[in-house]
Amino acid sequence: ETGVTQTPRHLVMGMTNKKSLKCEQHLGHNAMYWYKQSAKKPLELMFVYNFKEQTENNSVPSRFSPECPNSSHLFLHLHTLQPEDSALYLCASSRSPTGSTDTQYFGPGTRLTVL
Amino acid sequence: GESVGLHLPTLSVQEGDNSIINCAYSNSASDYFIWYKQESGKGPQFIIDIRSNMDKRQGQRVTVLLNKTVKHLSLQIAATQPGDSAVYFCARRAGGTSYGKLTFGQGTILTVHP
């Protein structure tokens, strides 16, 4: 285990539903990340949080809304998603996003299917 | 622009053989490179990293080689085992104000046959 947990592991939702993904890290890190992994595509960075403050939004549609209440927890709120949003959503953490050699540790991901 | 790409999408080897997974990149300024392994149903797992001021770094059964002249990165796995079967990603990061942003390649599927 990497010390980063994600729930739920699988989620099926309709386009009108509202759901949330949760990530928790037990590593004492200060930076947390959301990535999207689609089939046959490289991992795409979505958001970066450093000490609870959002420091990067990689042009993500507003139907994805992140929340970081503290350095250990990260949420991704979902509403009115599209079928093309179906993917594996990965959470990661690192000591600091500005450290050039800080390793990012990933959680197992949430497999999201939008019907 | 920044990009990290892989030469081959799949690699099949026999157990005990050495495996070499390749990666090309386009931007070499202040780069730091990482190899991740992703097994089915799991998130990417850190394997080994290398800074741009190094040419080679060794870990347990793994070696990463960096050729800055041709902007090429490789991961060598010695005595490949069935448990090494996974998708392998190279990733590049620039430090400073890039907030640790990683740029990932598409991944190479390594299959190890007993």
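Here are some notes on this two-chain structure, which is a predicted model.

1. **Strand 9 of chain A, burial.** I'd start here. Strand 9 of chain A has 8 of its 8 residues buried, so the rest of the structure largely encloses it. In general, side chains in a regular strand alternate between the two faces of the sheet. Here, A:Ala87, A:Tyr89, A:Cys91 and A:Ser93 point one way, while A:Leu88, A:Leu90, A:Ala92 and A:Ser94 point the other way. Both sets are buried.

2. **Strand 9 of chain A, partners.** Now for what sits beside it. Strand 4 of chain A (residues 31-37) runs antiparallel to strand 9 of chain A, with 7 bridges joining them; A:Met32 has A:Ser93 as its bridge partner there. Strand 11 of chain A (residues 110-114) also pairs with strand 9 of chain A in the antiparallel sense, over 3 bridges, and A:Ala87 stands opposite A:Leu112. Then there is strand 10 of chain A (residues 105-106), antiparallel to strand 9 of chain A and joined to it by 2 bridges. In that pairing A:Ala92 faces A:Phe106 as its opposite number.

3. **The other sheet in chain A.** Chain A also has an open sheet of 4 strands in the order 1-3-8-7, with antiparallel pairing. Its edges are strand 1 and strand 7 of chain A, each of which pairs on one side only. On average, neighbouring strands in this sheet are turned by 20 degrees against each other, direction ignored. Looking at one pairing in particular, strand 7 and strand 8 of chain A are antiparallel over 5 bridges, and A:Glu67 has A:Phe75 in strand 8 of chain A as its bridge partner.

4. **Largest pocket.** The largest pocket holds about 670 Å³ of space. It is lined by 30 residues, and those closest to its centre are A:Gln37, A:Ala39, B:Gln38, B:Val87 and B:Phe89. Which strands supply at least two residues of the lining each? They are strand 9 (87-94) of chain A, plus strand 9 (86-94) and strand 11 (108-113) of chain B. Strand 9 of chain B gives the largest share, at 3 residues. By type, the lining divides into 11 nonpolar, 13 polar and 6 charged residues.

5. Over all chains the count is 10 aromatic pairs. One of them is A:Tyr35 with B:Phe104, an edge-to-face pair at 5.8 Å centre to centre with 85 degrees between the planes. A:Tyr35 belongs to strand 4 of chain A and B:Phe104 to strand 10 of chain B (residues 102-104), so this pair joins two chains. Both partners are tucked away: A:Tyr35 is buried at 0% relative accessibility, and B:Phe104 is buried with a relative accessible area of 4%.

6. **Aromatic pairs, within chain B.** B:Tyr36 and B:Phe46 are edge-to-face too, at 6.4 Å centre to centre and 80 degrees between the planes. B:Tyr36 is in strand 4 of chain B (residues 31-38) and B:Phe46 in strand 5 of chain B (residues 45-51), 10 residues apart.

7. **Backbone spots to look at.** A few loop residues in chain A deserve a glance. The peptide bond from A:Thr7 to A:Pro8 is cis, with omega near -10 degrees; A:Pro8 is in the loop between strand 1 (4-7) and strand 2 (10-13) of chain A. A:Ser59 isn't a glycine, yet its phi is positive, near 55 degrees. A:Ser59 sits in the loop between strand 6 (53-57) and strand 7 (64-70) of chain A and is exposed, with a relative accessible area of 71%. A:Thr80, not a glycine either, has a positive phi of about 45 degrees. A:Thr80 is in the loop between strand 8 (73-79) and strand 9 of chain A, and is partly exposed at 41% relative accessible area.

Methods:
Residues numbered from 1 in each chain as written. Chains lettered and ligands numbered in written order. Predicted model: local features only at pLDDT ≥ 70, side-chain atom pairs only at ≥ 80, totals over all residues. Heavy atoms only, no water. 1 Å grid on protein atoms, 1.4 Å probe; cavity = no way out; pocket = protein on both sides within 12 Å on 5 of 7 lines; lining within 4 Å. Points joined across faces, edges and corners; volume = space filled by probe spheres on them. Nonpolar A, V, L, I, M, F, W, Y, C, P; charged D, E, K, R; others polar. Buried < 20%, exposed > 50% of the residue type's maximum accessible area, 1.4 Å probe, protein only. Pairing = 2+ DSSP bridges. Phe/Tyr/Trp six-rings, centres within 6.5 Å; stacked < 30°, edge-to-face > 60°. Axes fitted to C-alpha atoms, helices over the stretch in contact; angles between N-to-C directions.
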